[in-house]
Every structure is written in C-alpha cells, then in structure tokens.
Amino acid sequence: MTHLGYLLAGWGLSSLVILLYAVRLLKRGAQLSARVPSEYARWMSSPKQNNG
Amino acid sequence: MAIVTYLAFVICAIASAGYLVKRTFWWDSMAHAAGEVGTLTCALVLITGSIWGRPVWNTWWEWGDVRLMSTLILFLLFLGYLALRGAFVSPQRAARPAAIVALIAVLDIPLINRSVDWWENRTLHQKSTLSELKIEDLTLFTLMLGILVSVLVMSWLILHRFRVAWLEHIEFEQGVKTAIEERRYMGHGG
C-alpha cells in the first residue's frame, strides 16, 4: 500500500465512524423525543424541576 | 484527534467533579456525554495512529512504547467507566462511582503527555513539537485548522449525546412516575 493509501484509510475510517455515531445519536434523540411528553421533547426548554 | 480526546476526558472529569459537589443530573449527563465521545475518539487515536505508524515506523504496534501503552490504558480506563455506567439499572446509582473512576482515569493524561520526555528511550514518538513551535508555518496552520474542526465536531457530538442522556433521564423519570401512580391506583382499587 502507498502512503496515500494509509492516509486515506485513516481519514476514511475516522470519518465513517464519526458519521455513524452522529447518525445513531440523531436517531436515538428523535426516538426519545417521540416517546417523552411534548413539553420535554425540546430538551433546551425542559422545566427546571427535572434538573437534578 | 488526540488533543480532542484529552479535551473530552478533561470535560468529563470537570463534570464528574461538578456532580460530586452539586449532585445534579446536568453534571452527570455532561460527564457521561464527554466520557463516551472521548472513548470513541480515543479508539480512533489508537487505530489511526497504528495506520500512520505502519508506513512511518514500519510497525503497526509497539508494546514497549510508553505513549502507546499509556494511551491504551486511558482507553481501557474509560471503557471501564462506560461499562460501570451500563452496569447499573438506575443512572442515579451509577453517577457517583462513575465520577470517581473518571477523576482517577483522567490522571493518565499528564502521564501520556510527559511520557516522551520522561522515558525518551522507550518511545517511537518524537518529543513535543507543538509547544516548542518546531513546525513549518503551513503545517502549523493545517494542524490548527484540524484541531479547530475536530473541537467543533466533538462539541457537536457531546451536545447531542447530552441531549440523548437528558431525554433518557426524562423517560426514566416518567416511567417511575407512571409505575408509582399505577401502584397507588391498584392500592386504592383493592
């Protein structure tokens, strides 16, 4: 394998793993948003009493 | 990638310390999110480092290299941290022991950083080039741009992992509340 091959393998693997993880997070977030009451679905506006 | 990993684990340790002081879910969630993202990037550090090492050092892995080994130990410690979190049914019960493990595990980072100076004959890695600015301008610019982009990607991942943890917490709380209400209803109903 050439140096370019090693370089592409490293970048390709990193990009793929990060992309798959990001997609998994978004999917899981969407699933959970659908399961919790609508007032909690947008996590940034969650009521304070659930803060601890 | 290694700098991003250290940063994620330092965030995890700070949030763990924050949890031990404040005992709120916010700190625990942040620690969990940063710990998970850090473990992922740490795995990538080890794998891509190995891919890089093959053409440059003519070896995939060197068991005697102190930086490699201390990084592997860091990865295993945080893998243990995540396993510990997963071992408890209730996230609240896992929070305290996990925070203590994170605070101990993060102590490996200065060891990794200084290992090339303390054991310079037992590593293939070069001594620090960034802190002494022994880098060409264009290479330095590329490195800085890479670090900036990686930090932004890591922040995005941590933020979304935090959101997932937050929603899981709400779902768990809702489940507990529903179960209590059902019990009460059944109690009243005879």
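Within chain B, the mean is lowest in helix 5, at 86, and highest in helix 1, at 94, while the complex as a whole receives from the predictor an ipTM of 0.83 and a pTM of 0.85. Because the model is predicted, local features need a pLDDT of at least 70 and side-chain atom pairs count only at pLDDT 80 or more, whereas totals for chains, interfaces and linings use all residues. Residues are numbered from 1 along each chain as its sequence is written, and chains are lettered from A, with ligands numbered from 1, in the order in which they are written.

Chain B has six helices and zero strands, where helices (H or I, at least four residues) and strands (E, at least two) are DSSP runs numbered from the N terminus; along the sequence this gives the pattern α-α-α-α-α-α. The C-alpha atoms of chain B fill a box of roughly 75 × 30 × 30 Å along the principal axes. The radius of gyration of chain B, taken over C-alpha atoms, is 21 Å, whereas a compact globule of 190 residues would have one near 16 Å, by a rule of 2.2 Å times the number of residues to the power 0.38. Of the 190 residues of chain B, 36% count as buried, a term that asks for 20 or more other C-beta atoms within 10 Å of the residue's own, with exposed meaning 12 or fewer, partly exposed anything in between, and the C-beta atoms placed from the backbone.

Chain A has two helices and zero strands, and buried residues make up 8% of its 52 residues. The contact between the chains takes 24 residues from chain A and 25 residues from chain B, two residues being in contact if their C-beta atoms, placed from the backbone, lie within 7 Å. On the side of chain A that touches chain B, helix 1 (residues 3–35) gives the most, with 17 residues.

Apart from its neighbours within four places in sequence, Ala102(B) touches Cys12(B), Ala13(B), Ser16(B), Ala31(B), Gly35(B) and Tyr81(B).

Helix 1 (residues 2–22) of chain B also holds Ile14(B), which is partly exposed because 17 other C-beta atoms lie within 10 Å. The C-alpha atoms of Ile14(B) and Leu103(B) are 8.1 Å apart, although 89 residues separate the two along the chain.

In helix 5 (residues 108–118) of chain B, the buried residues are Asp108(B), Ile112(B) and Ser115(B). These lie on the same side of helix 5 because they cover an arc of only 60 degrees around the axis, the arc being that of the directions from the helix axis to the C-beta atoms. Helix 3 (66–87) and helix 4 (91–105) of chain B are among what covers them, whereas the face turned away from the buried side carries the exposed residues Pro110(B), Asp117(B) and Trp118(B).

Notes. pLDDT = per-residue confidence, 0-100.
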